[in-house]
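Work through the exercises below with the structure open. Each task is followed by a solution in steps.

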Amino acid sequence: MEKEKTKKEVTAADRPILKNKLYLYLTEFFAGMSVMAVELGASRLLAPYFSSSQIVWTIIIGTIMIAMALGNIYGGRKVDKNPNPDRLYGRIIFAAIWIALIPVVGKYIILGISGLLVFTISTNFLVIAAFAACMLIFVFPLFLLGTVTPSLVKYTVDSLDDSGKVVGMLNASNTIGSIIGTFVPTFISIPAVGTSITFLIFAGILLVLAVVYFASSRVFVKKVPIAMVLFILCCIFGHSGSFAFWQKHLTVEDESVYNYLQVSENDKEVILSTNVLFGVQSVYRKERELTGMYYDYAMAAPYMAGIYEKERPLDVLILGMGTGTFATQCRRYFGEMNIEGVEIDGKITDLAHEYFELDEDIPVATYDGRAYLNALSSERWRKDSDFGTEDGRYDVIMVDAYQDITIPFQMSTVEFFTMVRDHLRADGVMVVNMNMRGIDTAGFGSGDSSREANLTDYLADTIASVFPEVMSVEVTGSTNRELFAGMTEGMSERFRSNAAREKDAELSAMMGIVDEGLTGYIAGDHLMTDDKAPVELLGMQVIDEIIRDEVAYYKKIYDEKGLDGLLEAL
């Protein structure tokens with residue numbers, strides 16, 4: 001009893017290191033830094049499984065704010081009842097080890113949650129699964145870090161005379177740490193060493209902070225050596241940056257400022273995936289012939305722009321270059337063309353040259369697509385840069401930009417497509433690859449106002465409000481639909497006239513398939529603007545449909561044969 005009483009009576013005055021307010025400010029500084037680093041790491045940990053859309057970011061920020069608020073309340077009450085600073089730094093040790101364990105077990109927890117929920121819910125799967133993952137993985141350590149500020153206020157304020165100044169310094173230390181913790185992971189640690197090691201770095205900082213406290217106080221606490229051993233084990237087993245741990249023989253698994261990147265290949269094709277557990281962003285077929293994939297259908301655009309009626313090469317701009325499959329196909333079948341690409345992620349461009357055979361002489365600007373169009377409007381910019389045509393206009397503009405599996409909202413609005421139109425020549429054509437058409441496409445483009453509108457309907461209606469003629473074709477055997485928008489009417493007639501002059505039999509047959517499925521689009525009134533473009537919510541509806549379709553087979557096996565039958569099927 002006497003020993004327990006002595007422990008409870010320990011205060012900040014009994015720990016010499018806490019008499020130096022600089023150490024307390026450093027504690028606040030590194031706590032704030034670690035919170036933001038974990039938040040950004042959370043987005044990267046979740047992105048390969050749930051995407052990095054605004055919805056997922058909302059879930060991350062919301063759950064972390066809940067954890068911090070509860071930590072503030074708990075920490076304030078505890079420090080009033082028992083002002084023993086050993087408890088605070090003990091909580092920091094627990095937070096550090098928990099964060100260090102995230103790269104070891106986090107991805108397994110995410111897959112376990114996903115596997116459980118995918119068989120029990122049919123709507124809002126990504127929202128619910130991402131929220132559950134955040135609650136299990138991130139709430140507890142950030143709850144513990146949330147106890148830091150109220151505890152430090154107790155230890156730092158000596159009198160009411162300087163309480164405002166001291167609290168202000170603590171908050172400033174936390175804020176400055178948070179600022180640095182925002183920039184360092186994004187621009188330095190995650191691109192350089194990956195998400196897993198980033199978690200370990202900031203866990204190590206917190207652990208060192210606590211170890212210095214206990215060492216300077218000459219207090220032996222069993223949890224300190226145990227924590228150090230656990231941290232070393234986490235460094236050994238958690239340093240791998242592999243998210244797709246169930247996949248073997250990946251050609252590339254890497255991270256950039258914007259994306260988790262994965263390249264896989266076999267004898268027939270090379271595939272790029274970014275940030276998503278399911279879905280493919282780019283496919284390149286090694287046989288160097290038409291594949292029937294979306295970029296073959298998109299090759300109808302040069303015919304619509306009158307490729308064989310012009311005495312000069314067409315000028316083509318691709319917004320969302322990716323690995324350049326469309327550019328490669330155009331060069332292969334049409335020969336001389338002035339093709340430019342825009343890709344926001346420079347690492348994807350590097351992969352395009354190394355693994356997807358993108359020609360080195362095709363210039364690719366590392367830019368946001370909409371920002372690039374803005375820059376093209378400046379004659380001085382066009383003269384000073386290596387990009388852009390002389391007049392800033394093109395015969396064909398392809399829009400194939402995706403943020404994970406949804407279209408970036410700033411490239412889905414009336415204002416954006418107006419900019420595209422302004423950078424097309426009089427007989428120019430825009431082609432948009434829409435990879436979110438959903439499962440049920442009956443009635444698309446029919447003008448039927450009674451059918452429930454999805455993302456593709458919104459996007460097509462928005463485009464039709466800007467361009468006088470809009471046509472679309474569904475890509476057989478995929479979730480893609482190609483939409484063509486012309487500056488003037490007569491686009492379909494130019495397409496057929498120029499396609500009839502095609503001498504390559506294989507390409508001519510492909511255009512015959514396009515012609516057979518090509519239909520005019522009757523616009524509705526579902527418009528997206530810069531002020532209101534709910535692409536994430538609309539995209540989530542389509543994702544739910546795709547997930548239901550993908551797991552329906554396994555759900556049936558589970559219902560009929562139970563868990564043993566499901567495991568056997570897997």
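**Exercise 1.** Is Tyr 372 buried or exposed, and is Phe 387 buried or exposed?

Solution. The model is a predicted one. Tyr 372 is buried, and Phe 387 is buried too. For Tyr 372 the relative accessibility is 0%. Buried means under 20%, so Tyr 372 counts as buried.

**Exercise 2.** Classify the ring pair of Tyr 372 and Phe 387, and locate both residues.

Solution. Step one: the ring centres lie 6.4 Å apart, and rings pair if their centres lie within 6.5 Å. Step two: the planes stand at 80°, and over 60 degrees counts as edge-to-face. The pair is therefore edge-to-face. Step three: Tyr 372 sits in helix H15 (residues 369-376), while Phe 387 sits in the loop between helix H16 (379-384) and strand S8 (394-399). The two are 15 residues apart, and their pair links distant parts of the chain.

**Exercise 3.** Describe the surroundings of Tyr 89.

Solution. Leaving aside residues up to four places away in sequence, Tyr 89 touches several residues, among them Leu 18, Leu 24, Thr 27, Leu 152 and Ala 210. Its contacts also include Tyr 23, Tyr 213 and Phe 214. Ring pairs link Tyr 89 with Tyr 23, Tyr 213 and Phe 214 into a cluster.

Key
Residues are numbered from 1 along each chain as its sequence is written. This is a predicted model: local features need pLDDT of at least 70, side-chain atom pairs count only at pLDDT 80 or more; totals for chains, interfaces and linings use all residues. Side-chain values use heavy atoms; hydrogens and water are left out. Contact means heavy atoms within 4.5 Å. Buried means under 20% relative accessible area, exposed over 50%, partly exposed in between (1.4 Å probe, protein chains only). Rings of Phe, Tyr and Trp (its six-membered ring) pair if their centres lie within 6.5 Å; planes under 30 degrees apart count as stacked, over 60 as edge-to-face and the rest as tilted. Helices (H or I, at least four residues) and strands (E, at least two) are DSSP runs, numbered from the N terminus.
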